[in-house]
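Subject: Handing over the structure, with notes

Dear colleague,

I am passing on the structure below, together with notes on what was found in it. Please keep the model open while you read, so that you can look up each place as it is named.

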Amino acid sequence: MIRTKGINHIALVCRDMAETMKFYVQVLGMPLFKTVELPDGGQHFFFDCGGGNAVAFFWWKDAPPAAPGIASVKKFPFDAKTAIGSMNHLAFDMEEAELEAALERLEEAGVPHTHMVFNHDDSPSGYAREMHDGVFVRSVYFTDPNGIMLEFAATTRSFGPDDIRHAPATLAEEA
């Protein structure tokens, strides 16, 4: 059996390393802890996002342009589908009590965000305006300077067997 201890880091691609570094260090408060100059002229920078986890960015002068709606979300929550194999969003774990302060910080910094805390539940819409016992995670969504959708997520309860209610979907036809 392969045993992992969690996520070490996720590696994304940015359009401007200086702009990305400023956002992650100054706006989100994630310390830069490692930088690498790549042999092909690119860069690879690592930011501490807490809990022994990291978010890293590659930068290349000649990287292909962003492809919203294919490799990234066009606009949450109304146009959030992305292509197979893409990264839809990156969620940072946060204490529930910190979510409102995070909203204020994003507003102060002029960061595009949802302007509310989403209460995710099992209702047909997937969220509720008010907090209730069925809410399992509370979230704030926003984008970084590269158009990458990010989330501050606070899990509000433990999960159990009753939380697995759906059979996995498939495109394969039944024989």
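H115 is exposed, with a relative accessible area of 55%, where buried means under 20% relative accessible area, exposed over 50%, and partly exposed in between (1.4 Å probe, protein chains only). This residue has a positive phi of about 65 degrees although it is not a glycine, and its place is in the loop between helix 2 (99-108) and strand 6 (118-120). Helices (H or I, at least four residues) and strands (E, at least two) are DSSP runs, numbered from the N terminus.

Before going on, please note that this is a predicted model, in which local features need pLDDT of at least 70 and side-chain atom pairs count only at pLDDT 80 or more, while totals for chains, interfaces and linings use all residues. Residues are numbered from 1 along each chain as its sequence is written, and side-chain values use heavy atoms, with hydrogens and water left out.

Helix 2 comes next. Which residues of helix 2 are buried? They are L99, A102, L103 and L106, and because they cover an arc of only 105 degrees around the axis, they lie on the same side of helix 2; the arc is that of the directions from the helix axis to the C-beta atoms. On the other side of helix 2, E104 and E108 are exposed. Strand 8 and strand 9 are among the elements that cover the buried residues of helix 2, with contact meaning heavy atoms within 4.5 Å. Just after helix 2, G110 takes a positive phi of about 70 degrees.

Strand 9 (residues 149-155) has six of its seven residues buried, so it is largely enclosed by the rest of the structure. Two strands pair if DSSP finds at least two bridges between them. Strand 8 (residues 137-143) pairs with strand 9 in the antiparallel sense over seven bridges, and T143 stands opposite M149 of strand 9. Five residues lie between the two strands in this hairpin, where G147 takes a positive phi near 85 degrees.

Strand 5 (residues 90-93), by contrast, runs parallel to strand 9, and four bridges join the two. A91 has E151 as its bridge partner in strand 9, while F92 stands opposite F152.

On a 1 Å grid over the protein atoms alone, a pocket is an open set of points where a 1.4 Å probe fits, with protein on both sides within 12 Å along at least five of seven lines, and lining residues have an atom within 4 Å of a point. The largest pocket holds about 560 Å³ of space, and of the 22 residues that line it, V13, P64, P65, A66 and N146 are the closest to its centre. The second largest pocket holds about 460 Å³, and of its 26 lining residues the closest to the centre are K75, F76, P77, T114 and M149. Strand 8 gives the most to this second lining, with three residues.

With kind regards

Note on methods: Grid points are joined across faces, edges and corners, and a volume is the space filled by probe spheres set on the points.
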